[in-house]
Amino acid sequence: MAEGSAQCVKYLLFFFNFIFFLCGLGIIIGGALVFTIYNDYVDFTGDSGNVVPIILIVVGSFIFVTGFLGCCGAIKENYTMMAMFAGIMVVLLLVEVGVGIAGYVLRDELSDTIEENMFKLMPEYISANATKNLFDNMHEDLKCCGTHNYTDWFATGSYVDAVCPDTASCVPESCCKDKTSCNYMIVPSNPTDIYTKGCNEKLSDLITDNIAIIAAIAIVIAVIEVFGIVCACCLIKSIKSGYEVV
């Protein structure tokens with residue numbers, strides 16, 4: 001490789017590794033934020049709900065360190081560092097492909113887990129204050145009511161028996177759009193003042209939307225990784241051949 005070409009590869013590799021370094025930092029922060037959001041609903045999503053943000057934080061940390069390693073290796077023209085960098089980049093690329101496939105396969109399973117856990121916890125709304133707060137916060141944040149829809153509360157015996165045994169057509173107050181003018185104790189057949197969509201759909205959509213954003217970011221990072229691997233191999237070849245790159 002000519003000296004001028006090697007110098008160009010060197011600085012291109014440094015530039016893209018700096019971008020890679022920033023991407024890693026961004027993924028770590030994003031993973032922490034997603035973990036905070038999912039952690040609020042971990043009783044519904046189960047352990048699988050926290051898998052995605054934890055993987056993001058771990059992968060982001062590897063990308064962060066790898067980007068730093070690549071920057072140092074490119075500037076110092078260190079053969080060992082560049083070889084390590086190229087190897088880690090290949091592993092990261094394979095891991096991202098594997099995680100992407102696993103996420104796509106498991107997305108329906110997560111929705112089923114959410115549905116199952118919601119139905120399991122609804123009868124505890126009256127007896128367990130933590131469960132009550134969990135549903136109330138979800139109703140208000142996601143603007144939803146029940147699991148499939150608001151009528152799920154009509155079939156929740158422990159709730160109906162405690163709140164509206166005579167009518168059996170009530171929902172929690174947190175299902176109200178406006179609590180000051182909402183008759184949640186006797187819900188009509190076509191309610192307009194409460195949220196009617198189910199929380200299973202809303203929470204699943206929230207997770208799916210976040211996964212779609214993550215997938216788009218992963219594709220961009222994968223392109224940078226491929227470019228980085230090619231540049232690293234070119235620079236390694238130049239260093240190994242004994243060219244002095246200024």
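A salt bridge here is a side-chain nitrogen of Lys or Arg within 4 Å of a carboxyl oxygen of Asp or Glu. Hello everyone, let's keep that in mind while we look at this structure, which is a predicted model. By that rule, the count comes to 2 salt bridges, and I'd like to walk you through both.

Let's begin in helix α5, which covers residues 129-142. Lysine 132 and aspartate 136 join their side chains in a salt bridge, at 2.8 Å from N to O. Both residues sit in that helix, 4 residues apart, or about one turn. How exposed are the two partners? Lysine 132 has 32% relative accessibility, so it counts as partly exposed. Aspartate 136 has 11%, which falls under the 20% limit, so this residue counts as buried.

Now for the other pair. Glutamate 140 makes a salt bridge with lysine 179, and their closest N and O atoms are 3.1 Å apart. Which parts of the chain does this pair link? Distant ones: glutamate 140 belongs to helix α5, while lysine 179 is in the loop between α6 (157-163) and α7 (199-240), 39 residues away. Glutamate 140 is partly exposed at 34% relative accessibility, and lysine 179 is partly exposed too, at 39%.

From charges, let's turn to the nonpolar side chains. The largest nonpolar core holds 32 residues, and Phe44, Phe135, Met138, Trp153, Val171 and Leu203 have the most contacts inside it. Which helices supply at least two residues each to this core? They are α1 (3-39), α4 (79-121), α5, α6 and α7. In soluble globular proteins, nonpolar side chains tend to be buried together.

One last stop, at valine 42. You'll find valine 42 in helix α2, residues 42-45.

Methods
Residues are numbered from 1 along each chain as its sequence is written. This is a predicted model: local features need pLDDT of at least 70, side-chain atom pairs count only at pLDDT 80 or more; totals for chains, interfaces and linings use all residues. Side-chain values use heavy atoms; hydrogens and water are left out. Buried means under 20% relative accessible area, exposed over 50%, partly exposed in between (1.4 Å probe, protein chains only). A nonpolar core is a set of buried Ala, Val, Leu, Ile, Met, Phe, Trp, Tyr and Cys residues joined through side-chain atoms within 4.5 Å.
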